[in-house]
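Dear colleague,

Please find the structure below, followed by my notes on it.

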Amino acid sequence: MFKRPYRKIIYRKKVKILLIQIVNRNLGDQVIADNAAYLVRQALPRLTGRHYVLQDYDIQSEDYELLKTADLIVFAGGGLIKYRQEDFHAYVPAILECADNEGIPVYFNCVGVEGYDAGDVRCVRLAKALNADCVKAITVRDDLETLQRDYLKTDRIFTAAAADPAVFTPQVYDISRNTQSKRIGLGIVRHRIFEDYGIPQITREFQLELWQGITKELESRGYEWQFYVNGLRSDYDFAEEIINYMGRESEASRLLAPRPADSRELVELTASFAGVIACRMHANIIAYALGIASVGLVWNDKMVFWGERIGCPERFLTSEQFEPKQIVQCLVESMSAGVTPCRKELKQSIQRPLQKFVRRYGKAAWKNHWADHLNKPIAWADRLVAAALGGIHMRYSNMNTPMGLEQSEKHGFRIFEADIRLTSDGKLVCVNGWSKGTYEKLGVDPKMYEDGMDYAAFLKCRMYGAYETMDTEHLLRRMCKKDSDWKLILDIGKPKKEVLANMIHQMRELCKSYEAGMDLKEHLLIRLQSKSDVETVQEAALPMKIMYYVPPKQIREEKKITLDSIGKYCKKQGIQWVSMPKEALDEEVMAYLHKQKLKSCLFSYQRYTDVLSAVRMGVDWIATSYLSVEDFAEQYESGYTIVIR
């Protein structure tokens, strides 16, 4: 008998390229990553590039389930082949071991090689990992000879010298230098870096005198100047110390540029200078890319290699040349000579090997996927919650800012969580408590405040000096303008009784403005941690669903709270949702919540590995600061229907 045909939706996986990058407040590393992402996209095949997706990966995240989803892995660049400083000697081998087990091709893009020691177990582990079958190519911005002679024991891996990817900075950010500027940028580094890299004679005291001498020499020649940093707090603290040492604290706002919060700010700041004297390598590279003459104060041989690579070794001065007049004279001569644009062959040394890797192994991956029919993808927009309205750049979190909300919306989130608190003058604002950490993010002295900031002062602040703050009215107004099926979880912390009463009053007044146009109870939830808070909110009849707190097992045992007591209380109060910290998640908890038909929201995870585990355990919502709904959704080709007879 002829069978009736039926329709089936087919999904295919895109070719996924994972871009491994260094994530910290040294924004030189972010400039590398931004340039590398630009170059990878340029390398995609013109006709089939739509079948590819590029996703960022923090080298320190140890997110192995996310690694396993990759088809190609590209290390963005930076000083990765080293073992004395930082922990890349551990992170890189771990990533390569996972890639080797999964058969994922790996490319190292313009990385730095910083020494070799056969007697150091860290170095030996790194060398062994680099020889793995998964490693297909390594381009090096500095010491290619050491890589080829000491690290690699095979000629199977393609190796070549290359420039640093940051030479593409003007194209990536569409930023040009200010040719009218008369100001010199002085890039500061933390004072201990010279001692840490084996130059003990360059002490803190030496550097204080050196920078004071450089500024005096610049002023004597009629130049304006400004200290600046690549973003690190330790660098900025030392810059402040230098200004204090010079006795010019009253001029700090003019003489020290604010810490840049993202890579674009760093590039824009660099573009505002006529010349640069800097310790950080990428302060010099960004300046070079923009056509700005710079002098580098060398604490690491990588800077010497860079000077040789661009044909200007005389502009990178070693410790025996650290004398103010000599440094300034070198800058003046460099500015007079100008900067020769990056040679075409230098740029091609970056582009060509990367393009060859992406197209060769990307094509093979696409062929492998062509016949693969995947299960229906998880509806991540119904699962992921943007914690504190969402983090920014895998670097900033718990900010509750309009920019975080905007980024989360752009990246596909429909469920959001915001922290709300009262200011000292009794206004509701979006902030994650009045802690020392919050004050530091806001750039204010914690000693100035006891019970929180006042409303006007808070709204004038910027998180990390860059991101606007907002009040709860602004947040609710923005959310209620959304057309989609959005949800907003409000976290009020653990307020005192009188504070809670004030918060409830203000929330009720805010909700009145929007209740006529929509059923707010379908959109708003409120996280509460105590029975008294639940009962107070229930009595106030706020148009919000309650999300009750499940503490970790240790706390439950200490306070003699049982899962059964939580379940019975929720049933009594008509509560359908519970929230819990990640420390509370286990099979016992989830089995009980499912039995009681309680929905769960977990706070919070930053790794796909953990999120996937929570989903498999049956958690309904998982809060995150850095993972993206859009990133996960983009891994799949759009589903299409076929008829099967």
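The model is predicted, so local features need pLDDT of at least 70 and side-chain atom pairs count only at pLDDT 80 or more, whereas totals for chains, interfaces and linings use all residues. Residues are numbered from 1 along each chain as its sequence is written, and side-chain values use heavy atoms, with hydrogens and water left out.

Grid points are joined across faces, edges and corners, and a volume is the space filled by probe spheres set on the points. For the linings, Ala, Val, Leu, Ile, Met, Phe, Trp, Tyr, Cys and Pro count as nonpolar, Asp, Glu, Lys and Arg as charged, and the others, Gly among them, as polar. Helices (H or I, at least four residues) and strands (E, at least two) are DSSP runs, numbered from the N terminus.

The largest pocket holds about 1,100 Å³ of space. Its lining comprises 36 residues, with Asp56, His393, Met394, His411 and Asp631 nearest the centre, and divides into 13 nonpolar, 13 polar and 10 charged residues. Helix 1 gives the largest share of this lining, 6 residues, while the elements that each supply at least two residues also include strand 3 (52-58) and helix 26 (629-633).

The largest cavity has about 60 Å³ of space, and among the residues that line it are Tyr288, Trp306, Arg315 and Phe316; by class its lining has 8 nonpolar, 2 polar and 1 charged residues. The second largest cavity, with a volume of about 40 Å³, is lined by Thr472, Leu476, Leu490, Met507, Leu510, Cys511 and Met544, and helix 20 contributes the largest share of that lining, 3 residues.

Buried here means under 20% relative accessible area, exposed over 50%, and partly exposed in between (1.4 Å probe, protein chains only).

Strand 20 (residues 524-528) has 5 of its 5 residues buried, with Leu524, Ile526 and Leu528 on one side and Leu525 and Arg527 on the other. Strand 19 (residues 487-491) pairs with strand 20 in the parallel sense over 4 bridges, where pairing requires that DSSP finds at least two bridges between the strands; Leu490, whose bridge partner in strand 20 is Ile526, also lines the second largest cavity.

Elsewhere, an open sheet of 5 strands runs in the order 10-9-11-12-13 with parallel pairing. Strand 10 (224-228) and strand 13 (316-317) are at its edges with a single partner strand each, so one side of each has no neighbour in the sheet.

With best wishes

Definitions and conventions
On a 1 Å grid over the protein atoms alone, a cavity is a set of points where a 1.4 Å probe fits but cannot get out, and a pocket is an open set with protein on both sides within 12 Å along at least five of seven lines; lining residues have an atom within 4 Å of a point.
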